[in-house]
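Please look over the sequence and the model before reading the points.

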Amino acid sequence: MKDKCCCNDVLNEAKEVVSDIGGTKDRIIPLLQEIQRRRGYLAEDLVNAVAEVTGIKPAEFFSVGTFYSQFRFTPLGKNIVKLCKGTACFVAGADSLIVEAESYLGIKSGGTTPDKLFTLEIVSCLGCCSLAPVVMINGKVYGKMTRARLKELLEEYRK
Amino acid sequence: MKTDIIVGLGSCGIASGAQEVYDFFEKNIGSSDIALKKTSCIGICFQEPIVEVVADGVKTAFGKVDVAFAEKLLEGVKCGKLPETNRIFEDEGTKSFVGPQVKIALKNCGKIDPENIDEYIATGGYEGIKKALTMSGDDVINLLKESGLKGRGGAGFLTGQKWAFLKGAKGDKKYLVCNADEGDPGAFMDRAILEGDPHSVIEGMLIGAYATGADEGYIYCRAEYPLALKRLKIAIAAAEKQNLLGDNILGTKLCFKLHVKEGAGAFVCGEETALIASIEGKRGMPHLRPPFPAESGVNSKPTNINNVETYANVPRILVSGAASFNKYSYGQSFGTKVFALAGKVKRVGLVEVPMGLTIREIVEKIGGGSSTGLPLKAVQMGGPAGGCIPESLFDTPIDYASIGATGAIMGSGGMIVMDSSSCMVDVAKYFLQFTQAESCGKCTFCRIGTKRMMEILERITQGEGTMEDLALLEELADVVGKSSLCGLGQLAPNPVKTTLRYFKDEYIAHIKDKKCPAGVCKPLIKIEIEADKCKGCTACSKVCPAGAITGSVKKPHVIDPAKCVRCKMCIEKCKFGAIRVI
């Protein structure tokens, strides 16, 4: 984190982010959200550059960034698989889907496959309890999931 | 003749394929006499996707509409003869689902286009604020007190009283906040209101602003609800355009600026002081009250926080009067409550019921009873802060005090029905795992106490628990609740406490008999093939990921318990019901 931002491109991007979102302390969360929207994760160079532009200490950004579950510090895979483990999904057997996805992809929750094709996340509730158990892939919700269908789906996304 | 085709496009509807149906109509209508419209979730989730046809003022709703049925439907609309099948309101199940419900907060959900402010206005929208503007702020607050509306986020504090605190607070600047950080797993009431009727929340806040003197507001909505966020932003922009938000609203002195804040995923932010910290851009950690937000909230200014459903009720009370609301009552609870009914019932969905209806009426009449044929065991109410109410107490009425007496809480409205296939120790572990991960870490008892409780539950579900563990678990549950600063820690032991209270025999079976009665906890179960039922079809051995099943074709197969990982895939696959958990 001590590297000062020397790259003009990053600094320009940071200026753009700050002029879009604002640069006061109450904007820290939206700023981080914008960085994540652009890069897919909280890229250290851009966070530091935004800190420099706003005059807020980088530590404050990282303090907030590490608190909330939405933020991540490693790049995402091409396909983002969110397995819901809300109560309704849990009662409907979400655990077995988690085992299936983890063994099929060979990664644990929060991980990304070495080929960068899939990132797997276990989330608390997607709010589609009537369709439990549900899986969200790249923002699309698939309901009434079974282990066999999940495997088929993942195979489709692999192509 | 003009005909409207209305497609329900809520999150669950879209997930069930409503978007494809909508796209089909958009491409194929080809007639200027047919208008395609959209609405949001009507709550009858088990019939999604739902399409409503309005011809000559006559409404006919169709359920489970896929593209093939949509084609039939469109043909029917064009030749004036609608299909006889899939009509949801002619279905007995739907009738008993809808029958006991009373819609106040959900009045418009599934009926209007949430992205069109004119449709909201046409149903009497923004009449509540106009009425309020003819009254004094105190009169508005008194009307709310008279209605008996209590906070629908779960705590159940009298809303009018809360508003009175803010009105009485000293300060040149006051804030109003809407808590839309619906974090309870298994709850989607607020999402449905935001997606289906965002203006009702905006109008409720506007009335609050007038009554309390606040001039700026925030709706703090979780980022996991992209559609709700989108529709909120559309609604705010439309309201600003019609001078219903901003400066000198409707030509009066009332000014109210409303912002949307996207939450970043922290359950503890449902707690009001943590939510305020988050709005200010900090880590969402709660602080000690007092000072209460009404004295020192957002930016240290007086602030009032209510939940989505609470605000949505306000305009209706203004328009129809306190009596129209408090005529539904039980004890000290008034009006209606929205529940997200899910789990092992036949009909799942969003239901709004009058206070005093019993849990049994909701589960059996509205929900249609068990969906699996297995006997029902409990309902979980109130999410991770709530508790499990056993079947023997299903006659408990929906009322803050009565639900509280069971050890659960009314909560924000998650209601998950469980059958005999749920292990209550496992359920307690599930909720504790959640709160343990979501603890912000500030209070030692919440941070470490829940961790120790979790370890005990893990030991018990692995068959390594002792009776001393049980006593320790009870003691920890007690002290964690008493020694935590905010609601998260205070209520985190509830799932453990209620399952210990009502299902202690299950804990004891795990400890003494080393058995999981529900057949869930893997180290305590064994999977076996019944030789006389097995036809030797080999389906199980093909699907077994561990290669634990052996046997030759047309001969009974055998599971090697040493290799078996108890994934139960063989049970799912077996057509003859020959594999069982023992």
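The model is predicted.

**Domains of chain B**
- Chain B splits into domain 1 (3–90), domain 2 (117–324), domain 3 (330–419), domain 4 (424–511) and domain 5 (526–581).
- Between the C-alpha centres of domain 2 of chain B and domain 5 of chain B, the separation is 56 Å.

**Nonpolar cores**
- The largest nonpolar core holds 221 residues.
- Its residues with the most contacts inside the core come from chain A, as A:V50 and A:V134, and from chain B, as B:V51, B:I193, B:A340, B:L341 and B:I362.
- Beyond its neighbours within four places in sequence, A:V50 touches A:A14, A:V17, A:V18, A:L31 and A:I35, counted as contacts.
- There is also a second, separate core of 14 residues. Among its members are B:C540, B:C544, B:C567 and B:A578.

**Strand β5 of chain B**
- Strand β5 of chain B spans residues 175–180 and is mostly covered, with six of its six residues buried.
- B:Y175, B:V177 and B:N179 point one way from β5(B). B:L176, B:C178 and B:A180 point the other way. Both sets are buried.

**Strand partners of β5(B)**
- Strand β6 of chain B (residues 216–222) pairs with β5(B) in the parallel sense, over six bridges. Here B:Y175 has B:E216 as its bridge partner.
- Strand β8 of chain B (residues 303–307) also runs parallel to β5(B), joined by five bridges. In β8(B), B:I305 stands opposite B:V177.

Key:
Residues are numbered from 1 along each chain as its sequence is written. Chains are lettered from A and ligands numbered from 1 in the order in which they are written. This is a predicted model: local features need pLDDT of at least 70, side-chain atom pairs count only at pLDDT 80 or more; totals for chains, interfaces and linings use all residues. Domain bounds come from an automatic or database domain assignment. A nonpolar core is a set of buried Ala, Val, Leu, Ile, Met, Phe, Trp, Tyr and Cys residues joined through C-beta atoms within 7 Å. A residue is buried if 20 or more other C-beta atoms lie within 10 Å of its own, exposed if 12 or fewer, and partly exposed in between; C-beta atoms are placed from the backbone. Two residues are in contact if their C-beta atoms, placed from the backbone, lie within 7 Å. Helices (H or I, at least four residues) and strands (E, at least two) are DSSP runs, numbered from the N terminus. Two strands pair if DSSP finds at least two bridges between them.
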